[in-house]
Amino acid sequence: IPMWIIFMLIFFVPQALMCAELATAYPTDGGLNDWVKIAFGTKYGFLVSWMHWTALIFWYASFLTFFSINFTYMIGKILVLIMSLVVFWALSFASMRGMKFGKYFTSVGALGSVVPTVCLIGMAILAVVVFKKAPSASEYTIATLTPKLNMNSLVAISGITFAYTGAEFTANFASEMRAIMIAAGTICVLYVIGSVCMTMLMPTSEIFAYTGTLDALVIACNLLEVPQFFVQIVAFGITLSIFGAVVLYIAQPTKMLFGYSEPGIFPEKITKKNEHDIPEKAILFQAILVSLLLAGVAVFPAVETIYNVLITMTALTSLFPYVL
């Protein structure tokens, strides 16, 4: 829990300020690609685009697995795979219509990610603190809250850092210091209090990465005698938030890599843009790669294993572009 606060200060805020400054100084659609290209030249501009895009290939697969589990909530692994593929292909075609079309998904998606967290916080406080329906599943002391620096915590830190990435996508809208600080505070408060409330309802040993929020809400509903149908509504909200995130992340990194690369690096067929300024053949190529990755990880014995492998791969690879 303290790590959420620490990395908000040493990663999220500096990253957001950096991206806002660069977006103001060099207002282009290329984002990271153009900023690095201006500083270090064409080769490193291409390198950062390549690293950013390859990291997101793992992210697509992990997020789609997360989507399917929330949508179906604990049914067969094959159905999870099929739903992930159907959704990604549908959103890939949607992203070909450009970012103006995608903004409708992202606006609804933002609401779908905040509301479930607020519901979890409110219901956990009511059940455990106000009405005392059950004792807290976790103990909060200086000793238990002090981060332990071992291999497990290093993996957790990479995940926390990854949760704070993405400022380059909204840099043009966050050029003011005040807006950045409000965003940082809001995100940090939701993560910290959300983590506390989840561990109030469930011991950490029983929390799964991909269903933690829903499992905790089921417990809260049982304690407060709220119908289980409420959890299905929240799961729908999480599904909407994933729609928004995936649409935002499908087009921009692909456009950055294939649309802004130097002539001759990729075949002209794959870099050619449509009327919405999107390299649609590259989007299709990306969809095929993600489909192959999803099919490959489906051989793992459990969905939890699949999700943990994908999210760890994403967290580790997504930080390399920020070094440049």
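**Core packing and salt bridges**

Trainee: Which residues does Phe88 touch, leaving aside those up to four places away in sequence?
Mentor: In this predicted model, Phe88 touches Tyr60, Leu64, Val246, Ile250, Gln286, Ala287 and Val290.

Trainee: Which members of the largest nonpolar core touch the most other members?
Mentor: They are Trp59, Tyr60, Phe88, Leu201 and Val246, in a core of 61 residues.

Trainee: What percentage of the residues is buried?
Mentor: Buried residues account for 46% of the 324 in the chain. The accessible surface is about 16100 Å², and 71% of that belongs to carbon and sulfur atoms.

Trainee: What about contacts between residues at least 6 apart in sequence: what percentage joins residues at least 24 apart?
Mentor: The figure is 77%.

Trainee: Changing topic, how many salt bridges does the structure hold?
Mentor: It holds three. One of them pairs Glu262 with Lys37, with the closest N and O atoms 3.9 Å apart.

Trainee: Which parts does that pair tie together?
Mentor: Glu262 lies in the loop between H10 and helix H11 (268-271), and Lys37 lies in helix H2 (residues 32-40), so the pair ties together parts that are 225 residues apart in sequence. Glu262 is partly exposed at 33% relative accessible area, and Lys37 is partly exposed at 22%.

Trainee: What is the N to O distance between Asp277 and Lys255?
Mentor: The distance is 3.1 Å, and their side chains form a salt bridge. Asp277 is in the loop between H11 and H12 while Lys255 is in helix H10, so this pair ties together parts 22 residues apart in sequence.

Trainee: Is Lys255 buried or exposed?
Mentor: Lys255 is buried, because its relative accessible area is 8% and the cut-off for buried is under 20%. Asp277, at 31% relative accessibility, counts as partly exposed.

Trainee: Where does Lys273 come in?
Mentor: Lys273 forms a salt bridge with Asp277 (3.6 Å, N to O). Through shared partners, salt bridges join Lys255, Lys273 and Asp277 into one network.

Notes: Residues are numbered from 1 along each chain as its sequence is written. This is a predicted model: local features need pLDDT of at least 70, side-chain atom pairs count only at pLDDT 80 or more; totals for chains, interfaces and linings use all residues. Side-chain values use heavy atoms; hydrogens and water are left out. A nonpolar core is a set of buried Ala, Val, Leu, Ile, Met, Phe, Trp, Tyr and Cys residues joined through side-chain atoms within 4.5 Å. Buried means under 20% relative accessible area, exposed over 50%, partly exposed in between (1.4 Å probe, protein chains only). Contact means heavy atoms within 4.5 Å. Accessible areas come from the Shrake-Rupley method with a 1.4 Å probe; for residues, only the protein chains shown count as cover. A salt bridge is a side-chain nitrogen of Lys or Arg within 4 Å of a carboxyl oxygen of Asp or Glu. Helices (H or I, at least four residues) and strands (E, at least two) are DSSP runs, numbered from the N terminus.
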